[in-house]
Amino acid sequence: MKILFLSTFSIFLLSAFDPADSSAHYDKILSHSRIRAREQGPNVCALQQVMGTKKKYFSTCRNWYQGTICGKKATTLYECCPGYMKMDGMRGCPAVAPIDHVYGTLGIVGATSTQRYSDMSKLREEIEGRGSFTFFAPSNEAWELLDQDIHSNLIDNVNIELYNALHNHMVNKRMLTKDLKNGLTLVSMYNDQQLFINHYPNGVVTVNCARIIHGNQIATNGVVHVIDRVLTPAGNTIQEFLEAEDDVSSLRAAAITSGVLDTLGKPGHYTLFAPTNEAFEKLPRGVLERIMGDKVASEALIKYHILNTLQCSEAIMGGAVYETLEGSTVEVGCDGESLTVNGVKMANRKDIVTSNGVIHLIDHVLIPNSAKQVIELAGDQQTTFTDLLAQLGLTSSLRPEGQYTLLAPLNGAFSDDTLRMDQRLLKLIMQNHILKVKIGLNELYNGQNVETLGGKQLRIFVYRTAVCIENSCMVRGSKEGRNGVIHIFRQIIKPAEKSLREVLKNDKRFSVFLNLVKDADLEDVLSQPGEWTLFVPTNEAFKGLTDEEKEILRRDKNALRNILLYHLTKGIYIGNGFEPGVTNILKTIQGSKLFLKTVNDTLLVNELTAKESDLMTTNGVIHVIDKLLYPVDVPVGNDQLLTILNKMIKYIQIKFVHGSHFQEIPLTFFTSKFIVEPNIKVIEGSLQPITRKEGTRVIEGGPELRVFGEGETITRVIHGEPVIETYTKIIDGHPVKVTEKKVTEERIIQGPETKYTRITEGGRGDMEGDLKKLLEEEAPVRRPKPPKKAQGTPRRRTRLVHP
């Protein structure tokens, strides 16, 4: 007989753990539990039991190594794996459990209450006989947890009510855990009631949200799965539950207003976190009225409580993130026996199973960001910002129907001195943290300019791992609400007011550096519009130089330019914009490279510590250093200059190569305006070359024309009042009156300045269109390079074109 049992068991065991279906999560977790307990002997499984409860799990790796389930300490138990049993005097569980019919198997797995009720209800004969059944058998503890009135009603009417209830736990075919796919719907043997199967990645398998705690116990006529609760029929939809339950009347009204209620009556696998009436009463005064008066916000509110997946509470062993119908996510977790949503313990009744999902009653209303006003998006770390907006009367300017962007500094960004400022000045500062348009994080781009409520222009800088506005960079936590977006910043944003030159001129620390800039004819670079990063050594860097040594530096203008332009790079690079600990390589205008990185919020430039960083200007940013920078790859060929540099620079070894010279750096790397006569209308292009200044003022407001030939940039000047000449010409012996109009244009080609004048004649009124056409025709033409001439020396040519 024993041989028969073993043979029969082996057949069923192979079918239960077919390698082709090894992807079943329950079976994987069971296999891991067996591996964890291998030192206890053969066929032993390791389980975790939540302290203070009888709940046991074949645990996931995360819970196993954390030693907790639902935030509660879990102890380790070692038990025989399903289908095995102990033998006296032997380690582990070396014997297989005997195989019996379903009725006998109920006793083998310890479901003795279900076995007894099967006997009482006359079900025993059926489950001892021929067939292939799946019995989801409630454990003894499950029957004890059943509502007392329901339990009594079943016992009082065993032949009908109890018999039907047990049939509702049965399926008329064998279904192992590997066959219980997530989302599967089975038909029970009572009145074709539906049984909803969920098979979760953590190995938990549920039927109508009852967890299988002991699965795959093979019987001769089927299989038994022990579950942790008694199943009740699931006939109604979620919509029908809401319409019938008085305790959720506020939710029902909101669902009707938003037009979402009908969705909950459709087929699906939904999870509804349903706030009770008491939960709605907790909302601040006026909030619910505002949301319900806004169709978009009310729909977002209701959909934020709905998941498009069925999540039973028994499957939640730790925090997990789920997407709602509203589009954003909620974190669903557990704290002991309680369910948590977004970290808050709020469920007061769980696992109300319906025909299209499950309902958890909660005592808080979940409000998504999309239904909130922008000021409500601020978190605990931005309370100083929101308090100041309220105190200064700025919250009233954020109208519900408007669109705004709040640039909210962290609480720590507001120093005591800032908070003690005059209220009028503080209001101006705060206005510069409000944009009059809604700009999401993915809409920001490098070089973008945005206008604040205070009328200031702010610049956007986008780096590899950071987005910055002026001097301050964002931290994680941007949120989008009904009437705006909030972005979180490390520091108070300070719009730039002065140019690079003005900042240096107004700070005595930089007087020596600024004088050298003037001597190198580079002062215009610091004044003109542009985007620069300038590393400025303080006067301390030049300490000890004699006047004679300074004069030597000034005399060698080419060397001086090389040294100074090694401190300048194209583009604006904020110190906080660099990825911490990573070296960033910047090419300087001089041509060599600078190596920058931030360590512990401190900027290092060629391993030199910046004394101050992120001094914002209208045309760049300044980082303050206390030593002169020098490119290590550039040799010096002058003894006197080498001596001077060695006197200032001791952190690197400067190369000396006799006879070497610094390369000439043409001043063609920044934009300069044309200065023209007052009666000339300027059509200004995007200039690269520096040009000779004529010494007269610019007339602003002329139309813009940008024409680019290959390798050149063109700026055209057109006289506003053309010269008109009238004369008489003899044609075929007859006098004819002729009128000519002359227009002068000027072209600047990048490189050594080449300037010529074209005079076009004809009796036409508007010459701009024709001049544009002429320029477009000539732009692609490659002209031979003119002989080298002194920088800024123009050539002029004039030609007459007859009509």
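Biologist: Hello! Which residue in the turn between β32 and β33 has a positive phi of about 55 degrees?

Modeller: This is a predicted model, where local features need pLDDT of at least 70, side-chain atom pairs count only at pLDDT 80 or more, and totals for chains, interfaces and linings use all residues. Numbering starts from 1 along each chain as its sequence is written, and side-chain values use heavy atoms, with hydrogens and water left out. Strands (DSSP runs of E with at least two residues, numbered from the N terminus, just as helices are runs of H or I with at least four) include β32 (residues 593-599) and β33 (residues 602-605), which pair in the antiparallel sense over four bridges; to pair, two strands need at least two bridges found by DSSP. They form a hairpin with two residues between them, and the turn residue with that phi is Asn600.

Biologist: Which residue stands opposite Ile362 in β21?

Modeller: β14 (residues 270-275) runs parallel to β21, joined by six bridges, with Ala274 and Leu361 as bridge partners. β20 (residues 347-354) pairs with β21 in the antiparallel sense over five bridges, and a hairpin of two residues links β20 to β21. Opposite Ile362 stands Ala347.

Biologist: What is the order of the strands in the open sheet of four strands?

Modeller: Start from the edges, β30 (568-570) and β35 (612-617), each of which pairs on one side only. β29 (residues 532-537) meets β30 in the antiparallel sense over three bridges, with Trp532 opposite Lys570. The pairing in the sheet is mixed, and the order is β30-β29-β36-β35.

Biologist: Are α21 and α22 roughly parallel or roughly perpendicular to each other?

Modeller: The axes of α21 (residues 547-555) and α22 are 5 Å apart, at an angle of about 95 degrees; axes are lines fitted to C-alpha atoms, for helices over the stretch in contact, and angles run from 0 to 180 degrees between N-to-C directions. Contact (heavy atoms within 4.5 Å) involves Leu553, Arg554 and Arg555 of α21 and Lys557, Leu560 and Ile563 of α22. Angles under 35 degrees count as roughly parallel, over 145 as roughly antiparallel, 65 to 115 as roughly perpendicular and the rest as oblique. The two helices are therefore roughly perpendicular.

Biologist: At roughly how many degrees do the axes of α19 and α22 cross?

Modeller: α19 (residues 511-519) and α22 (residues 557-565) have axes that come within 9 Å.

Biologist: What is the relative accessibility of Ala137?

Modeller: Ala137 is part of β7 (residues 133-138). Leaving aside residues up to four places away in sequence, Ala137 touches Leu106, Ala111, Thr114, Val224, His225, Val226 and Ile227. Ala137 counts as buried because its relative accessibility is 0%.

Biologist: Where does Asp614, with its positive phi near 65 degrees, lie?

Modeller: Most residues other than glycine have a negative phi. Asp614 is a residue other than glycine with a positive phi, and at 12% relative accessibility it counts as buried. Asp614 lies in strand β35.

Technical notes: Buried < 20%, exposed > 50% of the residue type's maximum accessible area, 1.4 Å probe, protein only.
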